[in-house]
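Here are some friendly notes to read with the model open beside you. Take the points one by one, and find each residue on screen as you go.

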Amino acid sequence: MLDVLIKNGRVIDGTGNPWYRANVGIRGDRIAYIGTLEPEARQVVDAAGCAVTPGFWDVHTHSEFQLLIEPDMLGYTFQGITTVVSGNCSFGIYPDKRHKAQEFTPSEAGQYRDLEWSSLEGYAAPVNRKGTSVNSIPLIGHGTIRWTVMGNEQRAPRPDELKKMEDLLREGMRQGAAGMSTGLDYVPSRFAEIEELVALGGVLRETGGIYASHTRWVSPLYAYSYNANEVLCPTEDRARHIEGIREAIEIGRRAEIPVQISHLHTSAVIGTEMAMIHQARREGVDVTVDAMSYNVPFSTLSDTLLTLTKTRSPEYADVPWEEYCAMLRRPEVRERMSRSPQYRRYFWPETAPRWRLAQTGDPAMDGRSVGEVAKERGMSPVDLMFDLVLDRSRRILIVPPEEVLVELPREQITDDLIMMGSDHLQGDPKDPYARTSPRGFAAVPRYLEHAQRFGQSLETTVRQLSSLPAARFGFPERGTIAPHQIADALVFRPEEVRGRATMADPLQLAEGMRYVFIAGQPVIAAGKHTDRRPGRVLLRMV
């Protein structure tokens with residue numbers, strides 16, 4: 001007897017093939033039947049008028065800690081996301097979680113100080129014991145292993161240090177990581193030269209791992225992608241970003257490893273990027289891409305932004321806090337920072353006025369732009385932004401305006417090499433506005449919306465969201481609707497899938513998923529969360 005029979009649905013199997021009408025049976029955690037008969041089952045789901053697809057994947061997240069403190073992961077689950085890839089941008093949880101904690105404010109990170117592990121297996125054990133509503137695949141953060149061996153030293157590793165890094169990476173891969181990520185805009189990953197990354201790539205080659213790279217000069221370019229005005233983007237910044245893509249391809253070429261270019265997100269250079277990537281593939285370099293469906297940064301509380309400006313800067317990362325805050329009050333430091341590509345997202349004269357203010361406690365400020373308030377006060381928007389992040393008497397929510405949600409470029413959605421990665425990072429669920437974005441709650445609906453607008457078939461889009469990432473990250477038993485596959489599956493009407501999250505209210509759950517199954521168990525049934533947690537940390541066999 002089957003445990004579940006999903007009948008009368010249009011099966012979109014994840015391969016890109018045309019849909020077909022069939023009944024899908026689940027026994028245990030596997031798909032046990034596909035056909036037109038109706039075998040006996042303990043539960044029957046009538047999927048008439050619905051698509052039946054594999055569960056969706058989000059291949060670029062920062063959700064390692066979130067799994068431990070918010071295991072239901074409702075933002076992902078209600079989008080139909082059944083598997084996330086975490087540990088991106090060089091921030092991982094192995095071998096030392098203290099580096100991962102640098103992504104968070106001190107108050108957020110405090111929740112994680114008592115969580116102890118010294119291995120991927122040690123991290124996976126409490127997650128799997130508690131259970132989650134999504135599966136998670138860990139990458140090893142290059143910044144984490146470099147920080148463990150060298151701290152924030154701005155130099156090449158000595159031979160003995162490089163060997164320690166290689167040994168740490170090899171052990172993490174042996175324990176089941178899918179690969180290694182870099183964050184070449186972030187301390188200390190940004191200090192690595194190509195020779196170091198190629199050497200670590202050799203470990204990935206011998207262990208079958210993937211190299212997932214936040215390439216150099218992504219973050220400065222990001223300052224323009226949400227201003228709906230590409231002419232703001234200086235030619236030199238575009239050229240530097242292109243060189244970052246070229247470097248990632250060269251690492252793949254020299255190390256002979258698969259490369260994943262992380263969070264493609266701006267139309268400023270996307271045509272050039274994709275042309276380079278396709279040319280590299282013609283030359284035998286195995287390179288693919290993940291793309292964001294929200295080309296916007298996080299909404300962030302002012303104290304969180306203060307932390308980010310410090311911990312992610314090579315210039316200020318090791319400066320004591322009080323000294324750093326005193327520096328930010330000096331006009332010459334503000335002038336220098338506002339002109340630095342590292343800080344253009346928030347403090348550049350062209351970007352600072354566009355941010356909006358919320359939760360200020362002052363009706364004269366709430367809902368208004370930084371530019372408007374600064375003009376009233378007779379000061380520059382840049383100075384007002386610095387004053388806001390230094391004001392410890394209140395926590396102000398700094399929000400990108402809704403008009404930054406411009407149409408995504410066609411290449412960002414429709415290229416055959418593209419997968420979806422939200423780049424979502426959620427901090428403290430008790431303080432959810434510390435840093436959040438609609439991308440963690442509505443990335444899939446926006447991706448589906450754009451794919452349909454560009455005339456892409458649902459079959460092709462489902463492949464991008466399922467079998468393509470499953471194969472890419474080394475889990476061939478997932479990602480398709482086929483006999484003997486793990487039963488991660490969705491039932492939904494495409495026209496009903498809708499994102500409700502906005503820039504000003506980013507925590508609204510998506511709508512439209514009728515059933516979401518993970519390993520054969522429903523985590524959403526009839527549109528409601530079931531409180532089941534069959535998700536696991538998925539470790540590869542090496």
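Which helix gives the largest share of the lining of the largest pocket? Keep that in mind for the first point, and remember throughout that this is a predicted model.

1. **The pocket and its main helix.** The answer is H19, which contributes 7 residues to the lining of the largest pocket. Helix H19 covers 439-453, and helix H20 covers 458-465; each of these helices supplies at least two lining residues. In all, 23 residues line the largest pocket, and those nearest its centre are Pro445, Leu448, Glu449, Gln452 and Val497.

2. The volume of the largest pocket comes to about 440 Å³. If you sort its lining by class, you get 12 nonpolar, 5 polar and 6 charged residues. As background, a probe the size of a water molecule, rolled over the atoms, shows where empty space is left.

3. **The sheet of 3 strands.** Now turn to an open sheet whose strands run in the order E6-E7-E8, with parallel pairing. At its edges are strand E6 (56-58) and strand E8 (135-138), each of which pairs on one side only. From one strand to the next, the twist averages 20°. Strand E7, residues 81-86, is joined to E8 in the parallel sense over 4 bridges. To find this pairing on screen, look for Val85, which stands opposite Ile137 in E8.

4. **The sheet of 6 strands.** A second sheet to look at is also open, and its order is E9-E10-E11-E12-E13-E17, again with parallel pairing. Strand E9 (140-141) and strand E17 (418-420) each have a single partner strand, so one side of each has no neighbour in the sheet. Strand E13, residues 287-291, pairs with E17 in the parallel sense over 3 bridges. A handy landmark here is Val289, found opposite Ile418 in E17. In general, the strands of a sheet pair through backbone hydrogen bonds, and the pairing can be parallel or antiparallel.

5. **A network of charges.** How many salt bridges does a search of the whole structure find? The count is 33. Some residues are linked in a network of these bridges: Glu153, Arg155, Arg158, Asp160 and Glu161. Within it, Glu161 and Arg158 form a salt bridge whose closest N and O atoms are 3.2 Å apart.

6. **Buried or exposed?** Look at the two partners of that bridge separately. Glu161 has a relative accessibility of 5%, and because buried means under 20%, Glu161 counts as buried. Arg158, at 43%, counts as partly exposed.

7. Asp167 and Arg170 sit 3 residues apart in helix H7 (residues 159-174), which is about one turn of the helix. Their side chains meet in a salt bridge, 3.1 Å from N to O. Asp167 is partly exposed at 32% relative accessibility, and Arg170 is partly exposed at 29%.

8. **One more bridge to find.** Finish with Arg493 and Glu496, which form a salt bridge with their closest N and O atoms 3.9 Å apart. Arg493 has a relative accessible area of 24%, so Arg493 is partly exposed. Glu496, with a relative accessible area of 34%, is partly exposed too.

Note on methods:
Residues numbered from 1 in each chain as written. Predicted model: local features only at pLDDT ≥ 70, side-chain atom pairs only at ≥ 80, totals over all residues. Heavy atoms only, no water. Pairing = 2+ DSSP bridges. Axes fitted to C-alpha atoms, helices over the stretch in contact; angles between N-to-C directions. Salt bridge = Lys/Arg side-chain N within 4 Å of Asp/Glu carboxyl O. Buried < 20%, exposed > 50% of the residue type's maximum accessible area, 1.4 Å probe, protein only. 1 Å grid on protein atoms, 1.4 Å probe; cavity = no way out; pocket = protein on both sides within 12 Å on 5 of 7 lines; lining within 4 Å. Points joined across faces, edges and corners; volume = space filled by probe spheres on them. Nonpolar A, V, L, I, M, F, W, Y, C, P; charged D, E, K, R; others polar.
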